[in-house]
Amino acid sequence: MASKGGKQSRSASGLSGRKGAGDQEEEDQPLQAVLVADSFNRRFFPVTKDQPRALLPLGNVAMIDYTLEFLTSTGVQETFVFCCWMASKIKAHLQKSKWCRPSSPNTVHIITSDLYRSLGDVLRDVDAKSLVRSDFVLVYGDVVSNIDISQALQEHRHRRKMDKNISVMTMIFKESSPGHRSRCEEDDVIVAVDSKSQQILHYQKTQGLKKLQFPMNIFHSGSDEFEIRHDLLDSHISICSPQVAELFTDNFDYQTRDDFVRGLLVNEEILGNQIHVHVTKDGYGVRVSNLLMYDSVSSDLVRRWVYPLTPEANFTDQEGHSCTYSRHNVYRASGVSLGHGSQMEENVLIGCDTSIGANCYISNSVIGDNCIIGDNVVLDHAYIWNHVHIASNVEIIQSVICDKAEVKEGVTLKKQCVLAYDVVIGPNISLPEGTVVSMHHPEEEEEEDDDEFLSDDAEVGHRSDKTKQKVFNPAEVGAEGKGYIWKASSLDDTEEEELSQCLWGLVLNPDPESDSEDSETDGPDDPVIPSPEMDDVKVFHMEVLGTLQRGLEENISCDNLVLEINSLKYAYNISLKEVMQILTRVVLEYPFQQQGSHLTPSQYVALLLPLLKKWAPVFKNYVKRAQDHLDCLSAFEEHFLEQESHWAAMVKVLMNMYELEILEEEMILRWFSQGATGDKSRQLRKNQGLQKFIQWLEEAEESSEEDGE
Amino acid sequence: MPGPYKETDLTERVEAFLSDLKRGGTGAGPLRGSAETARETTALLRKITAQARWGSAGDLMEIIRKEGRRMTAAQRVLKIIREEYARSRGNSEEADQESLHKLLTSGGLSEENVIEAINELLTELEGTTDNIAMQALEHIHSNEVIMTIGRSRTVEAFLKDAARKRKFHVIVAECAPFCQGHEMATNLSKAGIETTVITDAAIFAVMSRVNKVIIGTQTVLANGASPTPLIVCAPMFKLSPQFPNEEDTFHKFVSPHEVLPFTEGEILSKVNVHCPVFDYVLPELITLFISNIGGHAPSYIYRLMSELYHPEDHEL
C-alpha cells in the first residue's frame, strides 16, 4: 500500500506535487530540472510565429523531446517545463508524448504564463513558487545533448558540502576547438578558470572581438594556477542550487544567464558566491540557437554524434516513427518510396510515407513525414519538414522548408533560404541567397507582436522603406506564389542588430573584418565584465590613503572608516580583494608617506606598530576568509619586496599583525610554505628573522595541539 | 489483487527496461553483456506472464507479442507457450497446427506450467557460458595458436576452460577503437594463458601462424572459409530468426567520438566518420558454431532455428 501511495504522488499533477514537497523531505531528493521552453528572442522568426521553437523538428523529432530525453537519461525525476510563447501548443505536445504517461520515470509539470519575458522571470517564478528543493538542472528547450552530467553533479554537490552555499552554479562546457562546426559563434566565450578548483574567475563573450580585456584581479587571485580557455563550447546546461533562483529574485535586473554570471562574478567578494565549470570531453551538448546551429546539429545527429539519440532509436516511442539505418548514414522510415534512379548519397533521413520521384539526388538532408517530392530534384543540406510538396526540377541548397510549404516546378533555392509555414513558391523562379519567405507580412507582425516577445537584442526587420502592400509580389515568389519576402539578403544590410538577429547567425557575413566591427559596436553585448580600470584602482588607493589620514587626524572611529572605505569601494567598483590589498599596502606605506623614504627599519617599525594597533578593527572587518588572509599576506609580501632595505622590520610587523589577530598562524604558515612565486620572494622567505618567526609559530601550533590532547 | 496498479507497474518496468536498452550505448549502462540482456528480457516476460490477466493461451500470446514487438526477444517464450499448451492437451507436436484455433480460444493452460517452462529457459540461459566452455577441450589442442578479437565473455570462459588441461597460445586483436581486446588479454594472462595483443591491422600478417580463430558473436542470423578454421561461440539465445536482407541493418553504429574526437574542430565538417561496432561474417566463412548444446555447422542453423522458434512467431 505504501508503495502505491508513493506512485500516485509521483505521477500527481504539479499542484499536489508541490503541496507534498514540504513533508516529502526524503534523504535522497529526486533530481529536479527546470526546462525553459522559450528562447525569449526571435532568432527563428518568422518560423516561430506559427510554432514555438521547442517544437521545431530536428531530425523529425521536436527539439524539446531531445532535451527531455537528455534530462531523463541523466536521472532527472521531476521536470518543470516553463512555456510562454505558444504555451498551449507545447502543452498539447507534451501531454501526447511519452513524458506524460504515468509510467514515465520523469514527471513533467508544465507551467505556463504570458508574463515570462526572460529566463530571469522564469527563475523568479521558480523561487516564488518554491518549486525546487535541492540542486536542479537548468536547460533550454532546444538543447540537444547526451552528456552524462552525473560527475558534474557529484562535483557540484561535493563543493556545496565542503563550503556551504559558496558555489551556486556549475556550468557544463564541452571541449571543442575554435572553428568547430557545432560551436555557435554568438556564444563564443573566453573563460578564465582556476585550474584547481574549476572556479570561474572571468567570463566574457568574445563576439568576434579582437582585443580582450581581463580584470587584474584574476591575476592576483589566491590560486597560483589558472587557465584562460577559448576551446569551450557552451552546452547551456547548468547545475544550479536553489540559491540561483533566490539570487534572481534579489536582483530583478538579471534577465539572462549571462547577466547572472556577470553579476555574480562582479559581486563575488560581497556575496561570496562562486560559479564553477565542468569541462567534458565526451558526449555532445549543443543548443540550437540559430539556423546555422540547426544545420550543424541536424547533421551531427544524422552522423550519429549524439548516439544513442539517433534517428532510428525512436526514443520518443512514437508509433510508426521507427526507421531503418543503412550504409552512409541513410535512414528510412516506413512507407518511404524512392523513384527509379534516385540516389541518397549520404547522411539522409527520410520520414515516413514520404515519396520521392525519379532521378533525384539527395545528400545531407532531412525530410519529414508525408512529403511528396517530384522528379529530378536536387537536395543538399535541405531541411524539409512535414507535408511539404516539392515539384520536379527543383534545386534546394542549405535551406529550411517548413510544414505544408509548396515548391513548384523549376524553382531554385540558393543557400540559407527559409520558407515558413504554408508558403508557396514558383514556378520557375530562383530565390537569392538568404531569402526568408513567410505568410505573415513583416509589417503586420511589427505592429501586432512587438510586445509579444521581449527582444533581448533589438527589434527585427526595421525597415521603413518596406511598402505596406499586402499582395503577394509575383516577382519575388513566382506567378503562383504565396508569401512575403522578409529579407532579400542580409549582405547589403548595414544594421548591426539585423545581422546578429538573422536566422542563420553571424556567419552570414563573410567578411571577418566587418564582423568584428559589428560586434564591437553591438550595444547590448558590450564587454561583458566591466573590468575595473587601472585608473580607478589608483584613485581608490589615494582615497583610502586620504581617508586613513583624516581618520588619524580627526580621530574617526574604525567603524566609520570601514563605512567610508566601503562606499569608496562601490564608487570605484573595486573588488573586495583589491580593497584588501590596497588597504594593506596603504597602511604599510603610511610611515614612508608621512616621513619620507629615508626611515631606518627600526624607525619604520616604531611608527607603524601604533598605526596597526589603531586600525586592527578595520583589517579584521575585511580579513575574514582564508583567501582574504592570503591576499593580505601577498600584499604584505609585495610591499616588502619593493622595500628590500626594510626586511629587518618585516618580522616585527608580521608578528604584530599576528598578535593583533589580524592574521592567523595557520594562514601565515600556508603563505610561507606555498606562496613563493619568484626568486626574490624565495629569497625573502630565507630571511632569518622570518624563518625564526615561522619556526616559533610552528612550535606554538604543535604545543597547542599537544595541549588539545 | 492484480488490479490496474500492477499493470501500470509492469508497463513502467517494461519501459524502464526499454529505455535502458536504448541508452545502453557502448555497454556503459546497467545492461552490459548480451547474456544479461537475454536473462533480463526473459525475467521480464515471466513477470508479464505472472501478472497480466489472461484467459486463454491466445490472450497470453497476444500480450507477449505486444510487449515483445518492442523487445524482439519473445519468440522463445511464445514457442514455450505453444509447447506447453500442446503438452497439457496431450497432443503431439504435429497436431499443434490443427489445434491452433482451439489453442487460441480455449483456456486449459495453467500459469504455473508456463512459468515453470520459462524458468527452465532462464536456467538454460544462466548455464550457457559454462555449457559452451565445457566443450573447449574438444576444440582446442595443445600447442595451438588461437586468435580471437575483442572481448567476449563466452570466448573468455571457453579459453580459460581449455587452459586447465591444455597449453596453447592466444593472440588477441585489440579491436579498436574500444580496445576491449586489452581487457580480454589481461584476463587471459591472469589465468595463465600465454597471450599476445596485436593491433587490428596486424591480423593479416599473423593469420598464417594461427591454427584457429575463435570469436564471439552478437547475433546468429537465420541463414547461417578460410584455411584457418573459424569457430564461433554462440549460446542458443543468440539465434535470431531474421534473415539478412540488407547487410547493414545488423550493424550497430555508435558515435564516431572514439575514432575522431569531437574536439578536433574544423576537420569534422569535412569528413564523414563511421564507427561500426559489429561486422557481418558470411556463413561460408564460418567453420563451426559452438553453442551450449553442442557444435553445429552453419548450414544446420536453420534446423536449430525451427526447434527454438515457431515459424509463426518470426514476425511479431
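Which residues form a nonpolar patch on the surface, and about how much accessible area do they have together? The residues are A:M216, A:F219 and A:I228, and together they have about 260 Å² of accessible area. Please keep in mind that this is a predicted model.

**From the patch to its strand**

- Strand β11(A) pairs with β9(A) in the antiparallel sense, over four bridges.
- Within that pairing, A:F226 of β11(A) stands opposite A:D194.

- β9(A) is mostly covered, with six of its six residues buried.
- In a regular strand, side chains alternate between the two faces of the sheet.
- In β9(A), A:V189, A:V191 and A:V193 point one way, while A:I190, A:A192 and A:D194 point the other way, and all are buried.
- β9(A) is also joined to β10(A), by five bridges, and these two strands run antiparallel.
- A:V193 has A:I200 as its bridge partner in β10(A).
- The hairpin of β9(A) and β10(A) has five residues between the strands, and there A:Q198 takes a positive phi near 60°.
- A:Q198 counts as partly exposed, at 22% relative accessibility.

**A parallel open sheet in chain A**

- Six strands of chain A make up an open sheet with parallel pairing, in the order β18-β21-β24-β27-β30-β33.
- β18 (343–344) and β33 (430–431) of chain A are the edge strands; each has a single partner strand, so one side of each is left without a neighbour in the sheet.
- β18(A) runs parallel to β21 of chain A (residues 361–363), and two bridges join them.
- A:Q343 has A:Y361 as its bridge partner in β21(A).

**Aromatic pairs**

- Over all chains, a search of the whole structure finds 14 aromatic pairs.
- In one of these, the rings of A:F472 and A:Y484 have centres 5.2 Å apart and planes at 45°, so the pair is tilted.
- This pair links distant parts of the chain, twelve residues apart: A:F472 is in the loop between α11 (442–449) and α12 (474–477) of chain A, and A:Y484 is in strand β35 (residues 484–487) of chain A.
- A:F472 is partly exposed at 33% relative accessibility, whereas A:Y484 is buried at 12%.
- A:Y658 and A:F693 form an edge-to-face pair, with 6.3 Å centre to centre and 75° between the planes.
- A:Y658 belongs to helix α20 (residues 647–659) of chain A and A:F693 to helix α23 (residues 688–708) of chain A, so the pair ties together parts that are 35 residues apart in sequence.
- Both of these residues are covered: A:Y658 is buried with a relative accessible area of 18%, and A:F693 is buried at 3% relative accessibility.
- Elsewhere, ring pairs link A:Y294, A:Y383, A:W385 and A:Y421 into a cluster.

**Cysteines**

- The count of disulfides over all chains is zero.
- B:C175 is in no disulfide, and the nearest cysteine sulfur, that of B:C179, is 7.9 Å away; a disulfide would need the two sulfur atoms within 2.5 Å.
- B:C175 is partly exposed, with 21% relative accessible area.
- A:C558 counts as buried, at 16% relative accessibility.

**Backbone details worth a look**

- The peptide bond joining A:G426 and A:P427 is cis, with omega about 0°.
- A:P427 is placed in the loop between β32 (424–425) and β33 of chain A.
- A:S130, a residue other than glycine, has a positive phi near 40°.
- A:S130 lies in the loop between α5 (119–128) and β6 (136–140) of chain A.

**Chain B in brief**

- Chain B contains eleven helices and seven strands.
- Chain B has 316 residues, of which 48% count as buried.

Definitions and conventions:
Residues numbered from 1 in each chain as written. Chains lettered and ligands numbered in written order. Predicted model: local features only at pLDDT ≥ 70, side-chain atom pairs only at ≥ 80, totals over all residues. Heavy atoms only, no water. Pairing = 2+ DSSP bridges. Buried < 20%, exposed > 50% of the residue type's maximum accessible area, 1.4 Å probe, protein only. Patch = residues over 30% accessible without salt bridge, like charges linked within 9 Å, V, L, I, M, F, W, Y side chains within 5 Å. Areas by Shrake-Rupley, 256 points an atom, 1.4 Å probe, with all protein chains shown as cover. Salt bridge = Lys/Arg side-chain N within 4 Å of Asp/Glu carboxyl O. Phe/Tyr/Trp six-rings, centres within 6.5 Å; stacked < 30°, edge-to-face > 60°.
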